[in-house]
Amino acid sequence: MAYREELPPQCPPEGAEEITADREVFRAVRSDPPTEADFQSQRAEKPKKEFRGLSECVVRGVSVFSDRRDGEKLLKLPHMRGRLLARVRLTAGAGKIQQTFSPSHHTWWPFADYDILAHCGKVES
Amino acid sequence: MKTIRYTKTLFYYDGPQVFEARDAIGGHYVGVMVEPDGDQDRFVIRGVSPEGLRRFRSGLLDLRTLLLENESEDWFLASPSTPTGEELTLTPQTGSIDDSGFLPEEGFLLHDLPTEDETVREARERNNLVMEISVEPPEAVSEHRIRVATLAALLNHVQTVVKHAYGAALRGLSLDARRSIDKSDAHLLDVVVPAAGGSFKVLFQASKETDLLGNSELGRALERVDQLFEHAADPARALAVVKEHKGHLAGAYLRFLRFLIETRTGFRYSWAQPGFTRPKVSGISEAQAQPLVDALSGISNLGAEAVTLLGALEKGDVSGTWRINTPEGVYSGKVRDGGPSLEGLKIGSTYRFSCMEEIEELEATGREVRTLYLIEHEPA
């Protein structure tokens, strides 16, 4: 299965699991309804940027939270002012995902065919 | 121009959003992403007190309060490409940080649920993996004390089991995954509290810092250690698990259990990474250790590990000693009585040596002496 973005070798890492059962995650978005741009990886947003100290695999993934409270917390940061919190339903075929950094933070590598916007639920400020 | 160096990411979302840093004289700083500046990220930077930072890491102080509690008016902006990979040059700002629009809203706590658990609290405060062990040898019954030799041996056994658990965990990964990990010294533990209150307790911390994503490589090792202790109350199941880990890890575990019996103590431990909400807790009582030691002692070659060496033979003599040069290094070993003969092997030719590696622990120092015994050889 092809990924939404070209990924480096050994990416997603061995610890990432393929999404086979439904789950909900939360992501900060700029508008209601969200757009494709809201689900771009850091690499897609800044193709020429040098991400020193960060693995190329991680910068080609998308950050999401499994716990809504962490999403709400994120919106308190100055960088996120004005953003909204979208609930995204991940179903079989959504791609691979791995818990990274904190219990609720996950890095998601979506499959190319997964229609993310069709799986976006309620957006809240 | 003042500079600081990134030390740890505290909150990650599409890149480090909140991080901590130190200056050249050890002062603590916190950086918060404020806005991207082209391909650069832009962070507001503020000096913070060690105590304030500790309370923030523990989830007891919110980010805005942390940034405002500094009595100095100094605050800075920095625009690195990524804070994690370079020295950050700070640009001093005028005016109050309170009026800058760069402060987070109230209520940003790193952990929403402050923990009551001591191990998790330590892991959060230290922002690293911590492991707390406790033993109850006879001398610790009435007061907080332990024999010097017992403590020294205990620390050595714990580090040895963890070292071999890490090696076993790495061998379970693919070659590519192993190559992508910086595994040098990742098994090392530092004692950070040598005699914590309670029954005789010692607190360790991973010697190396966590990676960018907040995980310690040492976690891999402790997950293996958990497997060994998980069924301590059920000798048959425990025996099966230890057999699965046959090799240096099982050997180190057996020596540790024997030590617990000799010193008449049980062993409890808990460990946590900064992101844990609950610690992982396990251990074994003195009573549980005895039947397990009895069963494990009956397994031949429990602590031996199969090793295959492919390389050019440098030495092979009739006394049964040999040396082989492989891409991973030069190895030497022995042939046991009745083992394969080295006669006819050509110096400089390439061979595949199938060996068993055994570890003997020197009683006085606890140092491990490894010996490779040749089992089979073939031209390659």
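How many residue pairs are in polar contact between chain A and chain B? Twelve, with both residues of each pair at pLDDT 80 or more. Keep in mind while reading that this is a predicted model. My notes follow, starting with the interface and then going through the two chains.

1. **What makes up the interface.** The side of chain A that touches chain B draws on several elements: β2 (23-29), β3 (62-65) and α3 (68-74) of chain A each give two or more residues. The largest share comes from α3(A), with four residues. If you sort that side of chain A by residue type, you get 13 nonpolar, eight polar and twelve charged residues.

2. **Size of the contact.** Chain A puts 33 residues into the contact, and chain B puts in 47. Between them, about 3300 Å² is buried, and carbon and sulfur atoms give 55% of that area. On the chain A side, the residues that lose the most area to chain B are Lys73(A), Lys76(A) and Phe101(A), which together make up 22% of what that side buries. As background, the size of an interface is often given as the accessible area lost when the parts come together.

3. **Salt bridges, and one residue worth a click.** The rule finds three salt bridges across the interface of chain A and chain B. Arg27(A) forms a salt bridge with Asp14(B), and the closest N and O atoms there are 2.8 Å apart. Have a look at the backbone of Asp14(B) too: its phi is positive, about 50 degrees, although Asp14(B) is not a glycine. This aspartate lies in the loop between β1 (3-12) and β2 (16-23) of chain B. Is Asp14(B) buried or exposed? Its relative accessible area is 17%, so Asp14(B) is buried, the cut-off being under 20%.

4. **Chain A overall.** Chain A has three helices and seven strands, in the order β-β-α-α-β-α-β-β-β-β along the sequence. Of its 125 residues, 53% count as buried. The accessible surface of chain A is about 5700 Å², and 47% of it belongs to carbon and sulfur atoms.

5. **Two cis peptide bonds in chain A.** Most peptide bonds are trans, so these deserve a check by eye. The bond from Cys11(A) to Pro12(A) is cis, with omega near -5 degrees; Pro12(A) sits in the segment before β1 (17-18) of chain A. The bond from Asp32(A) to Pro33(A) is also cis, with omega near 5 degrees, and Pro33(A) is in the loop between β2 and α1 (42-45) of chain A.

6. Gly82(A) is in the loop between α3 and β4 (84-90) of chain A. With a relative accessibility of 65%, Gly82(A) counts as exposed because the cut-off is over 50%.

7. **Helix α3 of chain B.** In this helix (residues 118-126), the buried residues are Thr119(B), Val120(B), Glu122(B), Ala123(B), Arg124(B) and Glu125(B). Their cover includes α1 (50-57), β8 (130-135), β10 (200-206) and β11 (267-272) of chain B. Both ends of the helix have a detail to look at. At the start of α3(B), a side-chain oxygen of Asp117(B) comes to within 2.9 Å of the backbone nitrogen of Thr119(B). Just after α3(B), Asn127(B) has a positive phi of about 50 degrees.

8. **Two loop residues in chain B.** His231(B) is in the loop between α6 (218-229) and α7 (235-244) of chain B, and counts as buried at 15% relative accessibility. Leaving out residues up to four places away in sequence, His231(B) touches Arg237(B), Ala238(B) and Val241(B). Arg264(B), in the loop between α8 (248-262) and β11 of chain B, is exposed, with a relative accessible area of 52%. Arg264(B) is not a glycine, yet its phi is positive, at about 55 degrees.

Key. Residues numbered from 1 in each chain as written. Chains lettered and ligands numbered in written order. Predicted model: local features only at pLDDT ≥ 70, side-chain atom pairs only at ≥ 80, totals over all residues. Heavy atoms only, no water. Contact = heavy atoms within 4.5 Å. Buried area = accessible area lost by both parts, 1.4 Å probe. Salt bridge = Lys/Arg side-chain N within 4 Å of Asp/Glu carboxyl O. Polar contact = N/O pair within 3.5 Å; in protein donor to acceptor, adjacent residues only side chain to side chain. Nonpolar A, V, L, I, M, F, W, Y, C, P; charged D, E, K, R; others polar. Buried < 20%, exposed > 50% of the residue type's maximum accessible area, 1.4 Å probe, protein only. Areas by Shrake-Rupley, 256 points an atom, 1.4 Å probe, with all protein chains shown as cover.
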